[in-house]
Amino acid sequence: TMFLNYDLLARHWVRYGYLYPFGEALAGILMIAGALIWIASPVAIFIGAVGAISVFKAVYIDKRELKCACVGGSSNVPLGVVSLTENVMMLVMGIWMPIRMVLLG
């Protein structure tokens with residue numbers, strides 16, 4: 001439920017909240033393995049973009065003081081710069097991986 005407090009897509013489609021960790025794990029594992037980048041990249045871009053927009057809106061526009069849903073919500077980490085950085089890095093990795101594949105060809 002903590003994830004639903006700030007994620008814009010999960011608010012409208014609750015199942016995304018259940019799919020999100022598996023999508024993030026899939027993208028990360030595939031990127032580390034260097035396999036199926038054509039799947040990992042769009043997943044990472046989508047998750048990173050939705051997450052970055054959601055965190056930015058909740059923290060910097062709406063000025064809400066929320067806790068991160070990290071590790072199932074059992075952490076005491078405030079939603080903010082760290083969460084935004086995580087999402088932006090996922091977005092950047094999703095963009096960089098196909099470029100890297102083309103450059104190293």
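User: Is Glu86 buried, partly exposed or exposed, and which value decides this?

Analyst: A residue is called buried under 20% relative accessible area, exposed over 50%, and partly exposed in between, with a 1.4 Å probe and protein chains only. Glu86 has 37% relative accessibility, so it counts as partly exposed. This is a predicted model, in which local features need pLDDT of at least 70 and side-chain atom pairs count only at pLDDT 80 or more, while totals for chains, interfaces and linings use all residues. Residues are numbered from 1 along each chain as its sequence is written, and side-chain values use heavy atoms, with hydrogens and water left out.

User: Where is the place of Glu86, and with which residues is Glu86 in contact?

Analyst: Helices (H or I, at least four residues) and strands (E, at least two) are DSSP runs, numbered from the N terminus. Glu86 belongs to helix 5, which covers residues 81–104. Contact means heavy atoms within 4.5 Å. When neighbours within four places in sequence are left aside, Glu86 is in contact with Tyr20 and Glu24.

User: How many helices and strands does the secondary structure of the protein come to?

Analyst: The protein has 5 helices and 0 strands. Read from the N terminus on, the order of elements is α-α-α-α-α. Of its 105 residues, 32% count as buried. Among the contacts with a separation of 6 or more, 58% come from residues 24 or more positions apart.

User: At roughly how many degrees do the axes of helix 3 and helix 4 cross?

Analyst: Axes are lines fitted to C-alpha atoms, for helices over the stretch in contact, and angles run from 0 to 180 degrees between N-to-C directions. Helix 3 (residues 15–33) and helix 4 (residues 37–61) have axes that come within 9 Å and cross at roughly 135 degrees. This makes helix 3 oblique to helix 4; angles under 35 degrees count as roughly parallel, over 145 as roughly antiparallel, 65 to 115 as roughly perpendicular, and the rest as oblique. The crossing of helix 3 with helix 4 is left-handed, a word used if the near helix is turned anticlockwise from the far one by less than a right angle, with right-handed used if clockwise.

User: Which residues in helix 3 and helix 4 meet?

Analyst: On the side of helix 3, the residues include Tyr16, Tyr20, Glu24 and Met31, and on the side of helix 4 they include Ile37, Ser41, Phe46 and Val50. The residues of this contact of helix 3 with helix 4 comprise 14 nonpolar, 2 polar and 1 charged. In this count, Ala, Val, Leu, Ile, Met, Phe, Trp, Tyr, Cys and Pro are nonpolar, Asp, Glu, Lys and Arg are charged, and the others, Gly among them, are polar.

User: At what angle do helix 3 and helix 5 pack?

Analyst: Their angle is about 45 degrees, and the axes of helix 3 and helix 5 are 12 Å apart. Helix 3 and helix 5 are therefore oblique to each other, and their crossing is left-handed. Helix 3 contributes Tyr20, Glu24 and Met31, while helix 5 contributes Glu86, Asn87, Met90, Met93, Gly94 and Met97. The residues of the contact of helix 3 with helix 5 divide into 5 nonpolar, 2 polar and 2 charged.

User: Is Asn87 buried or exposed?

Analyst: Asn87, which is found in helix 5, has a relative accessible area of 7% and is therefore buried. Beyond its neighbours within four places in sequence, Asn87 is in contact with Tyr20, Ile47, Gly48, Gly51, Ala52 and Val55. Ala52 lies in helix 4 and is buried as well, at 11% relative accessible area. Ala52 in turn touches Leu84, Asn87 and Val88, not counting residues up to four places away in sequence.

User: From which side-chain polar atom does the backbone nitrogen of Leu8 lie 2.9 Å?

Analyst: The polar atom belongs to the side chain of Ser54. Ser54 lies in helix 4 and is buried, with 1% relative accessible area. Apart from neighbours within four places in sequence, Ser54 is in contact with Tyr6, Asp7 and Leu8.

User: What is phi of Leu36 near?

Analyst: Most residues other than glycine have a negative phi. Leu36 has a positive phi, near 50 degrees. Leu36 is in the loop between helix 3 and helix 4 and, at 43% relative accessibility, counts as partly exposed.

Note on methods. Polar contact = N/O pair within 3.5 Å; in protein donor to acceptor, adjacent residues only side chain to side chain.
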